[in-house]
Protein chains: 2
Amino acid sequence: MRKTFFTPGPAQMYPGLQDHVQQAFEDYIPSISHRSKQFEHIHRHTVEALRAVMGFPLDFQVFFHSSATEIWERLLQNCVFLESFHFVNGAFSERFFDIACQLNLGPYKQEVSWGEGFNFLNEEVPATVEMLNFTHNETSTGVMTPVESVYSFKDSHPDAIITLDTVSSAPYVQVDWGKVDAVYFSVQKCFGLPAGLGVLILSSRAIQRSNIIADSGTSTGSYHSFQAQEAKALKHQTPETPNVLGIYLLGKVCEDLAEGGIGRLRWDTNGKAALMYDFFEKHDRFEPFVQDRSVRSRTVLVMDVAEGSHGLLSYLGEKGLILGDGYGKMKGQQIRIANFPAISMEQVEELLAAIQAFDKG
Amino acid sequence: MRKTFFTPGPAQMYPGLQDHVQQAFEDYIPSISHRSKQFEHIHRHTVEALRAVMGFPLDFQVFFHSSATEIWERLLQNCVFLESFHFVNGAFSERFFDIACQLNLGPYKQEVSWGEGFNFLNEEVPATVEMLNFTHNETSTGVMTPVESVYSFKDSHPDAIITLDTVSSAPYVQVDWGKVDAVYFSVQKCFGLPAGLGVLILSSRAIQRSNIIADSGTSTGSYHSFQAQEAKALKHQTPETPNVLGIYLLGKVCEDLAEGGIGRLRWDTNGKAALMYDFFEKHDRFEPFVQDRSVRSRTVLVMDVAEGSHGLLSYLGEKGLILGDGYGKMKGQQIRIANFPAISMEQVEELLAAIQAFDKG
């Protein structure tokens, strides 16, 4: 049966991806040495294609990790002696905070209820915090934090490293690179790739911070310390044998995304999101979980479902339309719909028609 | 041009792998949730297929990492308060030692020259060491350490965790699971898979050691601490979104390997190795780098090349036969040939014929 994955990660594969995989095998990409000129060329191409899509300046570097989860650990090891600050409004921002605890750091958090945005009061965040961590798009709740409120911390906390989790919003999110130090995502969300690759786009300032920590004698990790990663990245290599195929495929998908135009991608995303929110707001069965429209995600839509979501998810699943269930404690009460670039307007219309048929059935 | 990769990792893809990849895409494996029953089934299947190949008992668990390099870091974080002991005879055993230094531990090493085996004197290893690290097959030098000398430390150092690097020798290596606590490899070597997955097979004793360290308040890492990994592995899941496609493909290749028979695999490996060593010993141009036959690797063959290796490597490369160069300081002076399961006797014969043609040319 043909299936369409509206799940927010792993998600629908990017159109044409299988052709890229086949080409990779024909060109022996999985067999080439990660110390060869050919790999350096792939690395360079992927970084440049990603730059074309995300628009980061030349003094930002790209470090490849195995997951966004790994990136949380590496950011904490490399940029924090003691105090990180976490804005927590869902399961994933909470997990970043938890990792700081597990590493025996002394993290702060400001927490709001699931589905709500923050009332950012910069003056309430201690001036001593070394790293400020924002989640642009909470995949568990569908809250999208306006980037302007993140950027305001650049002035109020000029010494802090500012990180932005764009796991389920890059490359839709438009980043002001003068206001942040670390932006990261994993490829199985909006980039429509197989899981197993996390991408960290990092300012030279964040690397300098890591160097200060390393110079003090505190460990910044080993093979994935920013020192070890930078030394190799400057040669278009990685410290370890990386997910070569994943890096190659990310370059191909970024090429496709850049060709389609990033403005067009944002326009399409907004259009599909508007259609879906409009549909669900008019239906008695559904209510958007995020009440405040100004923080409603365009890339991960979360709806409360009267009478629960399991019947609907099963019905749609039988038609090959795979949606996300509510996350964690919201399981069975919500649906989560990924509005990623791999999903077309036609597929959205097919989904909404199927939901209408379920309502009538 | 058709190419055959005799490189010791990344290496020749396992025969039929591309069909498995295509099947995976047809079954939407890259899109499925890592919290679904379908993923749990894949995880369970891969662990069981790997057990069929490697023969580890039920009280050993399998933890999936992104590389063997990551596994070095995780073993040190989870099993060592201070003192690890490293037997160093090449670039990779040295790197494991380096990682212990980078983590601010106090590692010991016993070092021999590249190409030489150890003269194991158990009584010279302090009784206090917490972890003893052996490299079964040094990919950089082609030295294969007899497992019996590793096993002897189980009696002389009963409290130490014993780890065995089988990165370029599993599943050829025959492990006595009563004598070791951790055996690990990465899939881009003998398993003929795309890079991006490291596999750690771990005893319950090693997990208990990690629990002692965690209970003392020392950090054992975060999402990949053995506590976090065990909690998920018992449910056939992983803490983070893993390389789902890699785990799936490893299961398929293990199925194929088990079907062919592991005894047959060892027999074939020995046969191909014998043919190659015989050929190179008789040729004036070549000399096996490892003088002592009892420690010569059957899976990674390293030859000194009179007048240097670059001309030969270029000549063979033009014929689609890709060999490894000497590693690090031996670059240009040696060739390294992977004798992995994906390489057939016919391909070995083709290689040797091409080398003969070069000699005559």
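**Close-up views of the interface between chain A and chain B**

The copies meet through the same surface, because 100% of the interface residues of chain A are also interface residues in chain B. The structure is a predicted model, in which local features need pLDDT of at least 70, side-chain atom pairs count only at pLDDT 80 or more, and totals for chains, interfaces and linings use all residues. Residues are numbered from 1 along each chain as its sequence is written, chains are lettered from A and ligands numbered from 1 in the order in which they are written, and side-chain values use heavy atoms, without hydrogens and water.

**View 1. The contact surface of chain A and chain B.** In this interface, 49 residues of chain A are in contact (heavy atoms within 4.5 Å) with 49 residues of chain B. The two chains bury about 3800 Å² between them, 56% of it on carbon and sulfur atoms; buried area is the accessible area (1.4 Å probe) that two parts lose on being put together, summed over both. F25(A), Y28(A) and S31(A) supply 16% of the area that chain A buries against chain B, more than any other three residues.

**View 2. A salt bridge across the interface.** Two salt bridges are counted between chain A and chain B, each a side-chain nitrogen of Lys or Arg within 4 Å of a carboxyl oxygen of Asp or Glu. The side chains of E73(A) and R74(B) form a salt bridge at 3.0 Å, N to O.
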